[in-house]
Amino acid sequence: MTPPEGEPQPSPQEPPAPVEAPAPPAESTPRRDFLKTAACAALGGCAIAAPIGAAVVVLANPLRSRGVPLPVRITTLSALPLTEPHAPPKFFQVVTERRDAWTKFPARAIGAVFLQRTGENEVVAFNAACPHLGCAVEYRAGRAAFYCPCHNSEFAVTGEVHGKSPSRRGLDTLPVELREEGEVWVYFENFKAGIAQKVSLA
């Protein structure tokens, strides 16, 4: 319907302005700090987990290897004389390399042995440490016996206690293996001194 002339014309209505959605509330400062702290703790835990695990392996390794003799190449069969009734024993240092999961250590002496050839393909090995208190034993050809100068322990050429020895047991024998090319390998280990039983310290 057209309004009469002379009356003011109504202005067209403007569309309503869009209403903006309310902004999400800003995250509170305490919550942000908590999340940062938690993330740092998680990353730090991952960073130290590997070194701790490695340390556990290193500390546990001696427990796993306890009681296991160490095979070491000592000499060759041709270097040991064969005479009757008993070949004189020969002294050898036991030198070997050691390694763990990360490091290879230089070769060093870990003990000493006496080797005695008792047959064409038979060798006896004695640990050169006195079973009394661990001093170094020497062989005296004139007496055909082993002798410890620390406390006068004496042992027969076959290793048994000889005379009035303070040692409570004879010389400690070690397993011997003859390999290819006449190589003589000894499974070396040390034993507790001062007791009658042969108890490994490996």
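## Strand S9 and its partner S10

Strand S9 (residues 176-178) pairs with S10 in the antiparallel sense, over three bridges. Two strands count as paired if DSSP finds at least two bridges between them. Strands are DSSP runs of E with at least two residues, numbered from the N terminus. Leu178 sits opposite Val184 in S10. In the hairpin of S9 and S10, four residues lie between the strands. There, Glu181 takes a positive phi near 60°.

S10 (residues 183-188) is also joined to strand S1 (residues 70-76). Six bridges link S1 and S10, which run antiparallel. Leu70 faces Phe188 in S10.

## Basis of the model

This is a predicted model: local features need pLDDT of at least 70, side-chain atom pairs count only at pLDDT 80 or more, and totals for chains, interfaces and linings use all residues. Residues are numbered from 1 along each chain as its sequence is written, and side-chain values use heavy atoms, with hydrogens and water left out.

## The three-stranded sheet

Strands S5, S6 and S7 form an open sheet in the order S5-S6-S7, with antiparallel pairing. S5 (138-140) and S7 (153-156) stand at the edges. Each has a single partner strand, so one side of each is left without a neighbour in the sheet. From one strand to the next, the twist averages 30°. Axes are lines fitted to C-alpha atoms, and angles run from 0 to 180 degrees between N-to-C directions.

S5 and strand S6 (residues 145-148) run antiparallel and are joined by three bridges. Tyr139 stands opposite Phe146 in S6.
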